[in-house]
Amino acid sequence: MGSFASANLLWSLPKTNHLNSIINIGVIGTGGRGKGIIKLLNKISGFNVIACCDVIPFRLKEGFSLLKDKNANYYTDHKQLLDNRDIDAVFVCTPLSTHSKIAFDALDAEKHLYCEKTLAKGVADTVRLVTKCAQSKTIFQTGHQYHSSRMYS
């Protein structure tokens with residue numbers, strides 16, 4: 001995901017939740033992709049990564065160390081991160097097999113959502129997720145940076 005794709009989603013979020021117009025972000029999955037996203041988000045003014053989540057302890061520690069917010073939280077269960085009412089949007093940067101489950105949970109929690117490619121595993125999961133998104137009041141974006149970059153074609 002390039003910073004332009006992230007910024008597209010984030011700039012379209014309503015900034016009425018916070019007096020200071022900061023969009024609070026949670027990153028689920030702090031492997032290479034999640035850490036890269038945290039680094040990009042740290043460079044964009046108006047956005048604050050306030051939480052991260054991973055089931056692998058050393059990845060969680062590495063991801064958490066990148067957060068600039070001194071009051072940030074970390075979780076080993078994505079549902080606990082989604083329960084945090086201060087989080088406006090989440091980035092799903094987990095392995096493909098977990099994308100649709102976490103995305104469904106995020107939509108149920110009424111969080112705006114950026115889900116890394118591939119959206120879901122298989123046609124049935126993809127159709128269910130697209131249907132769920134259509135019924136949601138939140139913004140959903142998926143990333144396909146490698147599919148559209150000349151560098152990878």
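Modeller: Six strands make up an open sheet, in the order β3-β2-β1-β4-β5-β6, and the pairing is parallel. Two strands count as paired if DSSP finds at least two bridges between them; helices (H or I, at least four residues) and strands (E, at least two) are DSSP runs, numbered from the N terminus. The edges are β3 (73–75) and β6 (140–142), each with a single partner strand, so one side of each has no neighbour in the sheet. On average, neighbouring strands of this sheet are turned by 20° against each other, direction ignored. Axes here are lines fitted to C-alpha atoms, for helices over the stretch in contact, and angles run from 0 to 180 degrees between N-to-C directions.

This is a predicted model, in which local features need pLDDT of at least 70 and side-chain atom pairs count only at pLDDT 80 or more, while totals for chains, interfaces and linings use all residues. Residues are numbered from 1 along each chain as its sequence is written, and side-chain values use heavy atoms, with hydrogens and water left out.

Next, the strand pairs. β1 and β4 run parallel and are joined by four bridges; within this pair, V27 has F91 of β4 as its bridge partner. Four bridges also join β4 to β5, again parallel, and V90 stands opposite L113 in β5. Between these two strands the chain passes through α5, and this β-α-β crossover is right-handed: with the strands pointing away from the viewer, the path from the first strand over the helix to the second runs clockwise. β5 (residues 112–115) pairs with β6 in the parallel sense over three bridges, and L113 has F140 as its bridge partner in β6.

In a regular strand the side chains alternate between the two faces of the sheet. In β4, A89 and F91 point one way and V90 and V92 the other, and all are buried (under 20% relative accessible area, with exposed over 50% and partly exposed in between; 1.4 Å probe, protein chains only).

Now the helix. The 13 residues of α5 should span 18 Å at 1.5 Å a residue, and its end C-alpha atoms are 19 Å apart, which agrees; the expected span is 1.5 Å times one less than the number of residues. Buried residues of α5 include H99, I102, F104 and L107. The buried residues of this helix pack against β1, α4 (78–82), β4, β5, α6 (123–135) and β6, where contact means heavy atoms within 4.5 Å. After α5 comes E110, whose phi is positive, near 60°.
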